[in-house]
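Please work through the following exercises with the sequence and the coordinates open beside you, and try each task before reading its solution.

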Amino acid sequence: MLTKLKQNVSRLFGNGTKNPRRLERREIPREQHNVSRSMISDPAKKVLHRLNKAGFEAYLVGGGVRDILLGGKPKDFDVATNATPEEVHDLFRNSRLIGRRFRIVHVLFGREVIEVTTFRGNAQDSDDNGDDHRKTNEHGLLLRDNVYGNQEEDALRRDFTINALYYCIRDFTVIDFAGGIEDLNNRQLRLIGDPETRYREDPVRMLRAIRFAAKLDFTIEAGTEAPITELASLLNHIPPARLFDEVLKLFSAGHGESTYQLLTRYNLLEPLFPQTVRAIEDGHSDELIRQALRNTDARIRQGKSVTPYFLFAAMLWPALQQEWRRRQDQGEPVQPALHQAAAKVIGRQIQATSIPKRFSGPMKEIWEMQMRLPRRQGKRALTTMEHPRFRAAYDFLLVRETAGEIEPGLGQWWTEFQAADERGRERMLSELSSGGPKPRRRRRRGGNRNRSS
Ligand code: ATP
Ligand code: MG
């Protein structure tokens, strides 16, 4: 048993690692921490109590504990238990077994989902667990991790020390195996174990480091930070669908702008948006991206929603501009050039992060509407306003103006037009044709039909 533990420790901490930490179970009693039951959602408490009642160990873990300890409000609650996924599933009628690479149970309470994971252990500890349950490929990437273990082992296979804190609802203690409390106090993100090994097992941990650093305003501890730039390209081995999910998490937590800066600094934007990085290197500005993220952050602060297609429309805009220009330079007329450029950019992007069709369609419409917004004469303005993507396209236009990409004016016109009554609108349109505030683009005469997209 002791040798097993020693092997375990040396696997996790490497032999030459610079920042070895003593692994010691520490229990923080109720009066020394601020996690109270009132801050835990009823569904999460129900899951903990029912598992305990059935004779299993069960703890709140991860973001739920971390965010409460930091005085924040958790986004969701995760539970760790020694019950197997099947046992959990049997206990809750309202549950689903999900995942293959990593089997977990979702217990559903209306819109709230409690994620229940069984304590993970290490395959290397025990021969009879075999390759079937825990599998890595030649890059060290963890393909499957379904070897079960005890709570301590579970703690050590988690990513950051601050994510490996457990709350026990039976005696209200917080349990710390990896020095997470100390790191919380120092506002530091530290990977558990040897950073390079842990990133190779799952390169998404690099993105998680950035996400938590931006969200919590934490620094990344030196040893945890050091390998990132070098290992960033390992993200190319991650399935595009998982990276799509991670991109959404990265940019919808209300700290998009700082997240973007960190991603750029650590070479992590490249595997997520390779075309964007290339366009910027070729001299295209990323001011629109920054401005869009600033807007998104403000929206989230106001409790508004952010749509993935708006985000992706902004993130890919420099690449679209580049591709669009290239085609026009080759003699393609402006509209077909845009269509082709959009198809090309989307086609390449989905090799990095997937973009479900329900988002890529609207994203393209936002882009195409940028050509339609300047043309307002006759019935066009009214027709344009009825387009299901008008609102997003108008927001996008405002971002382009704020980013200094186009002359201001058109956005203001649309703002006023939307607010105006029928007579006001008529007046605005007649001012347009009598040479009032002019649209930027030369107007075609006679062609009153809308372009079909
Ligand atoms: P939030 O939910 O606020 O984004 P979180 O820390 O709860 O943050 P989740 O993705 O919900 O993040 O994961 C729950 C917990 O599972 C984490 O806190 C961490 O302990 C563990 N975990 C998640 N992803 C990984 C990973 N890639 N490698 C190791 N452990 C992970
Ligand atoms: Mg969570």
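## The shell around ligand 1

**Exercise 1.** Describe the shell around ligand 1 in this predicted model by residue class, and then find which elements supply its residues.

*Solution.* Sorted by class, the shell around ligand 1 holds 13 charged residues, three polar residues and one nonpolar residue. Of the 17 residues around the ligand, those that come nearest are Gly 63, Arg 66, Asp 202, Arg 205 and Arg 211.

**Exercise 2.** Find polar contacts of ligand 1 with side chains and with the backbone, and then state how much of the ligand the protein covers.

*Solution.* Begin with the side chains: an oxygen atom of ligand 1 lies 2.7 Å from an N or O atom of the Arg 211 side chain, and an oxygen atom of the ligand lies 3.0 Å from an N or O atom in the side chain of Arg 208. Turn next to the backbone, where a polar atom of Asp 159 is 3.2 Å from a nitrogen atom of ligand 1. On its own the ligand has 580 Å² of accessible area, and the protein covers 87% of this. As for the elements asked about in the opening exercise, helix H3 (63–69) and helix H9 (204–216) are those that give two or more residues to the shell, and H9 gives the most, with five residues.

**Exercise 3.** Identify the protein donors of the magnesium ion (ligand 2), and decide whether Asp 76 is buried, partly exposed or exposed.

*Solution.* The protein donors are Asp 76 and Asp 78, each through OD, lying 2.4 Å from the magnesium ion. Asp 76 has a relative accessibility of 30%, and therefore counts as partly exposed, since that class lies between the cut-offs of 20% and 50%.

Terms used. Residues are numbered from 1 along each chain as its sequence is written. Chains are lettered from A and ligands numbered from 1 in the order in which they are written. This is a predicted model: local features need pLDDT of at least 70, side-chain atom pairs count only at pLDDT 80 or more; totals for chains, interfaces and linings use all residues. Side-chain values use heavy atoms; hydrogens and water are left out. A residue is near a molecule or strand if one of its heavy atoms lies within 4 Å of it. A polar contact is a pair of N or O atoms within 3.5 Å; within protein, one must be able to donate a hydrogen and the other to accept it, and residues adjacent in sequence count only if both atoms are side-chain atoms. Accessible areas come from the Shrake-Rupley method with a 1.4 Å probe; for residues, only the protein chains shown count as cover. Helices (H or I, at least four residues) and strands (E, at least two) are DSSP runs, numbered from the N terminus. Ala, Val, Leu, Ile, Met, Phe, Trp, Tyr, Cys and Pro count as nonpolar, Asp, Glu, Lys and Arg as charged, and the others, Gly among them, as polar. Donors are N, O and S atoms within 2.8 Å of the metal (3.2 Å for Na, K and Ca); water is not among the atoms, so sites may look incomplete. Buried means under 20% relative accessible area, exposed over 50%, partly exposed in between (1.4 Å probe, protein chains only).
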